[in-house]
Each structure stands twice: as C-alpha cells, then as structure tokens.
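The points below are numbered for reference and may be read alongside the sequence and the model.

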Amino acid sequence: MPSPLSRRNFLGATTLFATAIATGNKSAIAKLPRASLPNPTASLVTRWDTDRWSLGAYSALPVGATASVRKTLARAIINNRLVFAGEYTDPEYPATVQGALRSGQRAARTLIANGLGPKVIVIGAGMAGVSAAHDLAISGAQVVVVEARDRIGGRVHTNTSWGVSVEMGAAWVHALKTNPLVPLAQQAQLKLIPSDYDNKSFRDTKTGRPSPSAERASNQLVSLLSQLENSWPNPSTSVASWLRQHGLPANRFSTWAVETGVVQEYGLDATKLGARAPTEGSDFLGGDAFVAGGYQHIPELLATNLDIRLSSPVANVDASQPSGVYVRLESDAVLTADAVVMAVPVSLLQAQSPSITGLSKAIQAAIGGIATGNLEKVILRYDKQWWGQETVIGIVGGGLPAQSSNFAPNSALRWTEFYNVTDVVGAPTLVGFSGGSAARKRPKSDSACVAEALGMLQAAFR
Ligand SMILES: Cc1cc2nc3c(=O)[nH]c(=O)nc-3n(C[C@H](O)[C@H](O)[C@H](O)COP(=O)(O)OP(=O)(O)OC[C@H]3O[C@@H](n4cnc5c(N)ncnc54)[C@H](O)[C@@H]3O)c2cc1C
C-alpha cells in the first residue's frame with residue numbers, strides 16, 4: 001500500500017498512443033506525435049479485483065464493523081479441526097504482509113498448543129499459509145500446502161518480465177522497528193529502501209503546475225486523521241461523515257486528498273469505510289521501506305523444503321466429521337488430515353471458493369463482516385527519469401477534457417498519486433495508484449488504463 005500518511009503512521013492520450021505504450025511497441029511509440037513528456041518504454045497494469053484467487057486487494061473494516069470480527073476469526077477453532085489465517089485475521093497489522101505472516105504463526109501456535117495434528121493441510125500458499133506451514137513443519141507436523149495458483153506468494157508477487165524486479169502486489173515493509181519481515185528480508189539478501197513520504201510534490205491537472213492548495217488539503221487531512229486515530233468513533237459512522245463533521249471542506253483538493261490518503265490506503269471509498277478502521281491495530285513504528293530485489297523471495301524462503309501442491313484449487317473443506325477433515329479439490333481429488341489451516345483471502349471465503357462445511361452462524365457472520373478494498377497500479381518504465389527526485393507526486397485530477405466537471409468518482413480520481421521507484425527497481429520507473437470504486441470502474445483494457453495515467457502526468461506537468 002502506498003502512504004502519504006506514513007502508511008498507517010502508514011489529455012487526452014490517443015488510443016494509438018496508449019496501445020503503443022502498453023504493449024511496449026517501440027516502433028509504434030516512435031511514430032507518435034511528440035508529447036511534452038517522454039514516452040514510457042513499457043508498462044504493467046495490475047488486476048487484483050478480477051483475479052479469481054484474490055478478488056480485491058486487502059481487508060478493511062466497513063461502516064458498522066469493529067476489529068472484534070478479526071479477533072473472532074483469529075480465535076476460532078472449528079470442531080477442533082480448522083483454524084483461519086490471513087491478513088484479515090490479524091488485529092494488530094491487518095491488510096499487510098506482516099499481518100499475514102503473524103497470522104500464520106498464530107495459526108500454527110494454536111494447532112500445536114491444542115495438540116491438533118500431526119497431519120495438517122494448509123490451504124493457500126500466500127504469506128499466511130507458508131508462515132503457518134513453516135512453523136508447523138518445524139514442530140514436527142506432516143504438512144501439505146495446497147495452492148490454487150501456479151506460484152506461491154499470493155498478493156506478494158514480483159514480476160521479472162523487464163529483467164528487473166517489479167512488485168505487482170505488496171511493495172513496502174511497514175513499521176520497520178518491530179516488523180518480523182525485516183530479518184527475513186535480510187536473510188533473503190533483499191535491500192530495504194526507506195520511503196521518505198515528506199519528499200513529495202503536489203500538482204494540479206487544471207494548471208499543469210505545483211498546487212499549494214493540494215498541499216494544504218493534504219496537511220489538513222493528515223491532521224484530522226490523526227485526531228480520528230486517537231478517538232473512539234461510533235462504528236456506524238463512515239470516515240467520510242466523520243471528516244465532514246470535523247471540518248474537512250467539500251472541494252476538489254480535499255476530495256483528492258481523501259482519495260490518496262484514505263481510499264488508496266484502505267481500498268474502500270471513504271463513504272463505505274467505517275470510522276473505526278483508522279483506529280484499529282498497533283502503531284506503525286520506525287517508518288516504511290520498499291523491498292528491492294523481489295519481495296517474493298520472502299515467502300519463497302519460508303517455503304523452502306515444504307510439500308506444496310501448486311495449481312490445486314480447493315472446492316470444499318468438510319470440518320464437520322469426527323474422523324478427520326476432508327479437503328476436496330476442484331479436480332475432485334480428496335485429501336484428508338487431522339487439521340486444516342484455511343489461509344485464503346476473506347473475499348474467497350465470502351465467495352465460498354472454497355466452501356466450508358461445519359461453520360457456525362457466528363463465524364459466518366464474522367466472515368461476512370469484513371470488507372475487501374481495491375488498489376490497482378499502473379507501472380511505467382522510462383529510459384530517463386524526467387520527474388525530479390521526489391519520492392511521491394500527488395496529482396489533482398479534473399483538468400482533462402474527458403474528466404467530468406463535478407469531480408464524481410471517475411477518471412479524475414484514478415492515478416492521482418505516483419511513486420518514484422527508480423532506486424527500488426534499478427530502472428527509471430513510476431508507479432501510479434488507484435483505489436476504491438474508482439479503481440473498480442477503471443477501463444477494461446490495460447492500454448486505456450495506461451493512457452489515463454499518462455494523461456494525468458501530461459496534464460500535471462505542462
Ligand atoms: C496492490 C497491492 C498492494 C499492497 N501493498 C502492500 C504493501 O506495500 N505492504 C504490505 O504489507 N501489504 C501490502 N498489500 C497487502 C498484502 O499483499 C497482503 O495483506 C498479504 O500479502 C496477504 O497475504 P495472505 O497470505 O493473507 O493472502 P494471499 O497472499 O492472498 O494468499 C492466499 C493464497 O490462497 C490462494 N487461494 C485462494 N483461493 C484458493 C483456493 N480455493 N484453493 C487453494 N488456494 C487458494 C491464493 O492463490 C493465494 O496464494 C498490498 C496488496 C495489494 C493487492
């Protein structure tokens with residue numbers, strides 16, 4: 001997740017132009033009318049929302065919810081057979097890789113402490129699943145991990161198609177002071193590059209120039225959110241209502257600030273995000289760092305020597321039988337064990353993919369009580385870094401002909417913040433973010449997403 005707020009302490013490009021950029025077709029790019037900014041040489045676009053095995057970016061507390069739903073699921077032991085792991089079950093660091101890692105460790109501890117084994121199936125080889133399997137295997141359990149994809153890591157996914165490591169999912173390690181990922185990153189010989197969120201420029205697509213109004217709106221939002229974090233708001237209030245009641249004005253600069261500082265942080269629109277969301281979890285101490293060299297090497301490190309069955313989606317888990325737990329794959333093969341760690345995203349549990357036989361109404365309600373937000377990236381690679389040395393470039397939309405004047409959730413809210421990841425990737429690269437419903441409504445084609453992102457940059461740097 002990107003973070004202007006210390007990440008929880010955190011034009012019109014033509015279709016030809018867009019297609020050429022998105023496909024990295026250099027000869028097509030060379031024939032394009034000269035744009036005021038250099039053209040990227042390649043691009044990548046993420047699609048976590050329609051990815052069958054994630055169905056969104058990460059969990060968030062919607063209006064009406066409190067962190068107790070996470071605790072309920074973290075403590076649950078279904079029929080002495082099944083425990084849950086996953087970022088959504090970690091009340092201290094939810095929605096993060098760190099939370100996923102901790103949740104897997106907690107699930108393993110629960111099985112070991114209750115003598116639930118020795119044969120264990122772990123469903124899902126994301127950070128939560130491999131962390132549970134790693135600890136269980138060390139304790140002497142016989143562990144099999146079943147994973148739907150043809151790779152491990154889940155929402156930690158490093159793309160190497162450019163010959164360098166580019167993060168499609170998680171990119172940061174947060175809260176460096178206490179994060180157990182730090183020693184793992186060192187062990188995997190990865191470099192951690194601290195993020196200086198204060199090294200930021202604010203620009204406006206209406207003027208093509210720096211925007212002091214955006215900077216003021218951002219500062220006001222940061223101050224209001226820190227007030228909110230230290231309060232005990234009514235869970236039935238949304239973050240949007242709370243901010244309005246506490247003086248955030250309704251103008252395009254505040255709308256932009258909320259989009260980058262709230263929506264792209266939590267993945268949910270501020271009208272849907274519960275006011276308790278910013279209050280949950282531990283303080284993130286020690287700042288954040290980008291992982292350089294391939295985040296995926298961390299889950300791979302934990303997965304060393306584990307028995308992992310890739311491309312094996314699970315259709316159903318029956319935890320209601322006294323004789324054992326039965327895991328049926330989509331291929332109809334059935335695996336049996338003494339216990340199961342269910343480490344798939346909460347969005348998948350809600351979609352009953354897999355379904356679970358033997359859940360109480362209370363557990364079903366807790367699963368239904370957590371929302372999944374959206375965060376998507378457009379990643380642009382250039383020959384040369386043309387944008388200065390800032391870490392973050394905030395861009396207020398609304399200045400492009402295609403963007404509606406009323407600044408409703410539309411293209412004006414997408415690609416409103418870019419991160420300079422040249423040092424991290426080892427090549428001149430910008431990553432643009434879009435979150436919440438604006439991300440969900442983005443164009444279907446990657447080339448059109450790239451065109452939108454380039455349009456924002458071109459309008460902001462006229
Ligand atoms: C764009 C984006 C940016 C992010 N940025 C950051 C960041 O900078 N820092 C940070 O800390 N966090 C970030 N996160 C969040 C972080 O990636 C997740 O919180 C974390 O990786 C979740 O791990 P997990 O093990 O709980 O779930 P996952 O990684 O989703 O693992 C679950 C696994 O279960 C598998 N699965 C699903 N269904 C089935 C099935 N039926 N049968 C078998 N297997 C199945 C999936 O394929 C997957 O491998 C980001 C996420 C996204 C999407």
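**Notes on the predicted model**

1. Of the 462 residues in the protein chain, 55% are buried. The model is a predicted one, and its protein chain contains 15 helices and 23 strands.

2. On overall dimensions, the C-alpha trace of the protein chain spans about 70 × 50 × 35 Å along its principal axes. The radius of gyration is 22 Å, which agrees with the value near 23 Å that a compact globule of 462 residues would have.

3. The protein chain is divided into two domains: domain 1 comprises 1-57 + 195-282 + 374-462, and domain 2 comprises 59-154 + 296-370. Between them, 18 residues of domain 1 are in contact with 18 residues of domain 2. The side of domain 1 that touches domain 2 has seven nonpolar, eight polar and three charged residues.

4. The surroundings of the ligand deserve attention. The ligand is surrounded by 43 residues, of which the closest are Thr96, Ala100, Gly124, Gly126 and Gly154. By class, this shell divides into 26 nonpolar, 12 polar and five charged residues. Domain 1 and domain 2 each contribute at least three residues to the shell. At the level of secondary structure, at least two shell residues come from each of α4 (97-113), α5 (127-138) and β20 (375-381).

5. Is α5 enclosed or open to the outside? Because 11 of its 12 residues are buried, α5 is largely enclosed by the rest of the structure. The buried residues include Met127, Val130, His134, Asp135 and Leu136. The elements against which the buried residues of α5 pack are α4, β4 (119-123), β5 (142-146), α10 (297-302) and β17 (339-342).

6. The geometry of α5 may also be recorded. From its first C-alpha to its last, this helix of 12 residues reaches 17 Å, close to the 16 Å expected at 1.5 Å a residue. Just after α5, Gly140 takes a positive phi of about 105 degrees.

7. Ala95 has a phi of about 70 degrees and belongs to the loop between β3 (82-84) and α4. Since 29 C-beta neighbours lie inside 10 Å of Ala95, this residue counts as buried. Gln352, likewise not a glycine, has a positive phi of about 55 degrees and sits in the loop between α11 and β18. Gln352 has 11 C-beta neighbours inside 10 Å and therefore counts as exposed.

8. A last point concerns Asn39, which is found in the loop between α2 (26-30) and β1 (42-45). Asn39 and Pro91 are 52 residues apart along the chain, and their C-alpha atoms are separated by 43 Å.

Conventions
Residues are numbered from 1 along each chain as its sequence is written. This is a predicted model: local features need pLDDT of at least 70, side-chain atom pairs count only at pLDDT 80 or more; totals for chains, interfaces and linings use all residues. Domain bounds come from an automatic or database domain assignment. Two residues are in contact if their C-beta atoms, placed from the backbone, lie within 7 Å. Ala, Val, Leu, Ile, Met, Phe, Trp, Tyr, Cys and Pro count as nonpolar, Asp, Glu, Lys and Arg as charged, and the others, Gly among them, as polar. A residue is near a molecule or strand if its C-beta atom, placed from the backbone, lies within 6 Å of it. Helices (H or I, at least four residues) and strands (E, at least two) are DSSP runs, numbered from the N terminus. The radius of gyration is taken over C-alpha atoms; the globule rule is 2.2 Å times the number of residues to the power 0.38. A residue is buried if 20 or more other C-beta atoms lie within 10 Å of its own, exposed if 12 or fewer, and partly exposed in between; C-beta atoms are placed from the backbone. The expected span of a helix is 1.5 Å times one less than its number of residues.
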